[in-house]
Amino acid sequence: MRNTYLAILGFLLALNLHAQPAGFSWTEKTSAGRTYRTVTNDPSGTRFYTLPNGLTVILSVNKNEPRIQTLIVTKAGSKTDPSTNTGLAHYLEHMLFKGTDKFGTRDWAKEEPLLNEIDRLYEVYNKTKDPVERTRIYAQIDSVSYVASGYAIANEYDKMCSSMGAKGTNASTSFDRTDYINNIPANMLDKWLELEGERLRKPVLRLFHTELEAVYEEKNNGLDDDDQKVFETIFANLFLKHNYGLQTTIGTIDHLKNPSLNEIRKYFYANYVPNNMAVILAGDFDPDAAIAKIEKTFAFMQPKPVANYTYQAETPISQPVVREVFGQTTSKVNIAFRMPGAATDDAMMLSLVSNMLNNGKAGLIDLNLVKKQQLLESYAFNWNLKDYSVLWLGATPREGQSLETARDLLLGEIEKLRKGDFDASLITSIINNNKRQKLETFETNMGRAFTLEEFFYNEVDWTRYFSDDNFYSKVTKEDVMEFANKYLPANGYVCVFKRQGEDPNVLKVDKPKITPVQVNRDDQSDFLKQFLAKPAVPLQPVFLDYNRDIARAAVGNNKVLAVQNKDNSLFSLYYVFEMGKNNDAKLPLAVKYLEFLGTDKYSSEAISKEFYRLACNFSVSSNDEQTYVNLSGLQENFAEALGLFEHLLANCKPDETALKNMIEDEIKARENNKLEISYISGSAMNAYGKYEGKNPFNDVLSSEQLRALKGGELTEILHGLTGYAHNILYYGPLAVTEATAVVARHHTDGKAPKTVPPAKQYRYRTVTDNQVYFTQYDQMVKAQINWTRNVMPFDVAVLPKVRLFNQYFGGDMSSIVFQEIRESKALAYSSYSFFAAPGRKEDPYSLFAYIGTQADKITQAIPAMNQLLTELPNSEKSFTQAKQAIRNNIAASRITKSQILFDYLTAQRRGIEFDIRRPVYEQVENLKFEDIQTFYNEHISKKPFVITVLGDKSKIDLTSLGKFGAVKELSMEELFGY
């Protein structure tokens with residue numbers, strides 16, 4: 001992936017692939033002279049076209065907002081990488097952002113021979129074994145690359161996307177596919193098609209060696225990620241004959257260091273052909289007009305045979321395969337079972353079994369391991385890949401519990417499936433929840449597009465998406481037992497113990513010597529100039545009017561704020577309290593405790609089963625300043641679910657055993673948090689930099705205080721929670737009067753509201769000189785660097801400048817920070833900076849900046865960011881494009897559904913009575929660079945910062961950090977408060 005190479009989690013939620021039911025079948029239709037296929041009774045009305053050149057086009061119209069989620073996907077991923085060039089598909093994904101002979105270049109005639117020379121040098125480099133000679137050749141590559149960069153223009157693709165008001169511009173590579181992602185305003189379809197058609201016409205592999213360095217950084221990210229180690233170990237042992245396990249998406253270190261541009265180019269022309277690709281649009285467009293434009297745009301692509309990936313069948317696993325992985329993060333166990341691929345009949349039961357194990361409420365793991373606090377964390381999911389599918393189980397043990405015990409507990413739930421030791425009514429509940437989940441998926445353009453994409457590259461018939469209810473309704477307990485005994489045998493799995501400790505095999509991709517390349521940000525190709533000049537039918541922004549868009553009522557002393565759902569039968573209800581941990585340190589623990597409690601009428605397990613039966617969810621959460629109660633699900637069950645929840649909240653009974661287990665698990669989880677790199681850097685160190693002394697992050701109850709808590713004092717908090725004044729938010733099909741009537745039957749006692757406890761106040765840090773805080777993390781390959789500065793009191797009048805500064809300076813891949821840190825200097829895979837507006841009017845604006853880099857680059861990376869925080873580069877063209885991007889984005893954005901209600905509450909906390917996007921939209925066009933320069937000079941330039949660094953001091957010279965400020969080494973206890 002361009003920002004995260006393998007978006008594993010996004011594809012772990014199983015889609016339901018079952019036999020076609022009555023009422024859902026393919027039908028062929030013609031509109032505007034073109035024939036397409038659609039599925040009868042498909043509520044989305046999705047159209048499937050096959051163009052004359054074989055290109056698949058999938059169109060799903062959704063008029064909720066004037067935007068379109070776009071995907072261009074090819075059925076070519078890491079499994080089709082040549083074994084001699086692993087990581088190639090992923091390389092290519094990165095390079096398809098570099099332009100063609102028409103954009104991304106200042107002078108193609110002069111650039112082309114230099115790029116040809118770089119091609120030649122890489123081929124010589126790859127055939128050379130002598131280290132000294134390789135160093136000499138790489139120096140030549142670096143030298144020629146620098147000269148070639150004088151004719152290149154970095155990030156023109158990103159600039160064009162940004163100018164359109166696109167969001168989420170990215171790409172990702174996985175086993176079976178590579179996709180290219182954009183969310184564009186509806187009026188930019190023509191321009192997007194022009195850009196994508198040109199992008200695929202003749203990609204040029206320019207600025208290669210700095211992008212290669214970014215891939216090195218991506219590889220090092222994985223080497224620091226224990227979960228990634230586990231993932232690769234599972235697949236390597238699950239698939240001994242298939243490339244799912246024989247090679248990784250990012251490739252081997254040896255192949256990373258020896259890339260071939262010729263092989264990358266060959267891969268593109270062999271696999272990026274129309275009969276192997278799809279264009280997917282979900283959103284607001286005219287499908288007849290869209291298909292005509294798509295056909296015209298991609299008509300140049302010529303079909304050719306694509307070699308099918310062939311493989312030998314895997315041998316059944318007859319004995320458990322057990323492996324160990326070591327790393328600094330907490331110990332975990334993961335178990336995987338292998339079974340046939342997504343489109344097979346044998347895959348039909350997989351999502352059902354996965355849901356029976358773990359659905360978040362009433363699965364076997366949910367009830368037997370989570371509710372009963374047998375493990376600190378446990379889960380199961382299925383992953384349907386084209387050639388094979390995987391059932392994956394995982395667990396984090398409790399304090400003093402062995403990984404072997406955690407494994408046995410997980411396998412015990414599988415054994416219950418084999419023996420039929422489960423309630424068959426769970427299947428009926430799964431049917432109800434499938435209905436809700438599908439409605440939720442198709443509410444968003446992203447949900448539609450990515451669901452359709454997965455069916456395309458897995459080659460699964462779309463009719464199967466609608467078959468769940470029909471299929472599940474016929475499944476018996478005996479069917480589940482038969483499936484489990486066949487595909488989940490007692491000894492047929494791979495188990496990886498991730499143990500805490502030093503990794504004896506820790507590796508690192510060393511940085512080569514790279515001369516920073518020229519990014520030429522002030523230059524523009526003729527293609528870019530023409531692209532920016534082409535008009536688009538303007539979209540008119542729609543701003544919220546809180547009085548018009550929100551219906552109001554009251555339940556007792558509490559305001560009801562409502563927006564009607566006119567799209568489907570889902571509801572969401574929230575109680576929002578303006579109090580949190582800062583008001584009562586026990587409050588977050590009380591709401592967490594609720595998960596394990598029952599009443600005099602229901603056990604905790606029975607409550608979970610009831611909510612799942614109703615296809616409704618509830619959650620209670622508390623942050624520093626607010627507490628949220630949320631109830632959501634099918635409107636038909638709204639009243640019953642609300643009554644059940646109110647009963648639980650008012651009548652929950654203390655359970656001292658559950659409390660003791662919860663507290664011990666909380667203490668264990670705290671220790672585990674101190675092992676998570678992203679949590680240390682992103683949460684603990686940022687909070688330390690923002691506040692003086694105690695801060696909201698590390699001011700927590702001690703272990704002794706936690707262990708002294710009694711169940712009764714926590715249930716007393718829960719029983720009295722709704723006695724505090726709060727806002728009641730409703731989004732659903734009912735009118736406000738009807739919704740209020742339902743809520744009032746369960747939710748008011750008529751008493752005057754209780755006084756909210758005063759919130760603890762924390763001092764924001766004032767920095768007079770640069771300060772560097774270093775925290776040790778053993779064996780860390782990379783370094784995480786954060787810059788923090790509290791700037792000025794909140795002032796709504798400066799928000800337009802803040803928005804423009806963020807867009808120009810550090811907002812996306814066309815921004816100054818990204819171009820300088822990654823594109824030019826190759827100092828980081830990820831780098832950004834932003835001015836953060838506070839959530840409350842009492843709090844200040846803060847500036848944050850971040851670089852994740854190799855440890856040996858730290859003395860280059862910090863000065864590079866410091867320079868950007870001292871002197872603002874002036875690029876009028878980039879500045880103009882930033883203004884255009886903001887206006888296009890706002891014009892195409894719609895705040896809808898329950899977002900309206902939360903936007904209103906945010907405005908209230910800031911003391912604002914209007915949609916803040918209006919002044920941004922109206923004022924940003926008239927802002928000049930001088931305005932942003934003045935803003936920058938007043939609040940950023942030459943100002944002191946807190947710089948926090950997380951890394952391994954065996955790889956970092958702490959003395960050298962002293963050049964950037966007074967250095968203090970922080971312990972984990974100082975950061976976390978425990």
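This note walks through some helix packing, ring pairs and individual residues in a predicted model.

1. Some ground rules to begin with. Because the model is predicted, local features need pLDDT of at least 70 and side-chain atom pairs count only at pLDDT 80 or more, while totals for chains, interfaces and linings use all residues. Residues are numbered from 1 along each chain as its sequence is written, and side-chain values use heavy atoms, with hydrogens and water left out.

2. Let me start with a helix pair. Helix H4 (residues 156-164) and helix H19 (residues 526-533) have axes that come within 11 Å and cross at roughly 5°. The helices are DSSP runs of H or I with at least four residues, strands are runs of E with at least two, and both are numbered from the N terminus. Axes here are lines fitted to C-alpha atoms, for helices over the stretch in contact, with angles from 0 to 180 degrees between N-to-C directions. H4 and H19 are therefore roughly parallel to each other (angles under 35 degrees count as roughly parallel, over 145 as roughly antiparallel, 65 to 115 as roughly perpendicular and the rest as oblique).

3. On to the residues at that contact. From H4, Glu 156, Met 160, Ser 163 and Met 164 meet Phe 527, Leu 528, Phe 531 and Leu 532 of H19, where contact means heavy atoms within 4.5 Å. By class, the H4 contact with H19 has six nonpolar, one polar and one charged residues (Ala, Val, Leu, Ile, Met, Phe, Trp, Tyr, Cys and Pro count as nonpolar, Asp, Glu, Lys and Arg as charged, and the others, Gly among them, as polar). Phe 531 also has Lys 191 over its face, at 4.7 Å from the ring centre. Arg 37 likewise lies over the face of Trp 26, at 3.9 Å from the ring centre. For such a placement, NZ of Lys or CZ of Arg must be within 6 Å of the ring centre and within 35 degrees of the ring normal.

4. Rings of Phe, Tyr and Trp (its six-membered ring) pair if their centres lie within 6.5 Å; planes under 30 degrees apart count as stacked, over 60 as edge-to-face and the rest as tilted. Phe 231 and Trp 392 are stacked, at 6.1 Å centre to centre with 15° between the planes. Phe 231 lies in helix H7 (residues 226-238) and Trp 392 in strand S12 (residues 388-396), so this pair ties together parts that are 161 residues apart in sequence. Both Phe 231 and Trp 392 are buried (under 20% relative accessible area, with exposed over 50% and partly exposed in between, for a 1.4 Å probe and protein chains only). Ring pairs also link Phe 231 and Trp 392 into a cluster whose members include Phe 175, Phe 235, Tyr 309 and Trp 383.

5. Here is another ring pair. Phe 231 and Trp 392 are buried; Phe 879 and Phe 929 form an edge-to-face pair, at 5.5 Å centre to centre and 85° between the planes. Phe 879 lies in helix H32 (residues 876-892) and Phe 929 in helix H35 (residues 929-939), so the pair ties together parts that are 50 residues apart in sequence. Phe 879 is buried at a relative accessible area of 1%, and Phe 929 is buried at 3%.

6. Helix H30 (residues 816-824) deserves a look: nine of its nine residues are buried, so H30 is largely enclosed by the rest of the structure. Among them are Gln 819, Glu 820, Arg 822 and Glu 823. Just after H30, Ala 826 takes a positive phi of about 55° although it is not a glycine. Ala 826 lies in the loop between H30 and strand S22 (830-836) and is buried, with a relative accessible area of 4%.

7. Lys 942 has a positive phi too, near 60°, in a residue other than glycine. Lys 942 sits in the loop between H35 and strand S24 (946-951) and is exposed, with a relative accessible area of 70%.

8. Finally, a few single residues. Thr 100, in the loop between helix H1 (88-95) and helix H2 (108-127), counts as buried at 0% relative accessibility. Leaving aside neighbours within four places in sequence, Thr 100 has contacts including Glu 198, Arg 199 and Pro 203. Glu 666 lies in helix H24 (residues 656-673) and is buried, with a relative accessible area of 18%. Thr 405 in helix H14 (residues 403-419) counts as partly exposed at 36%.
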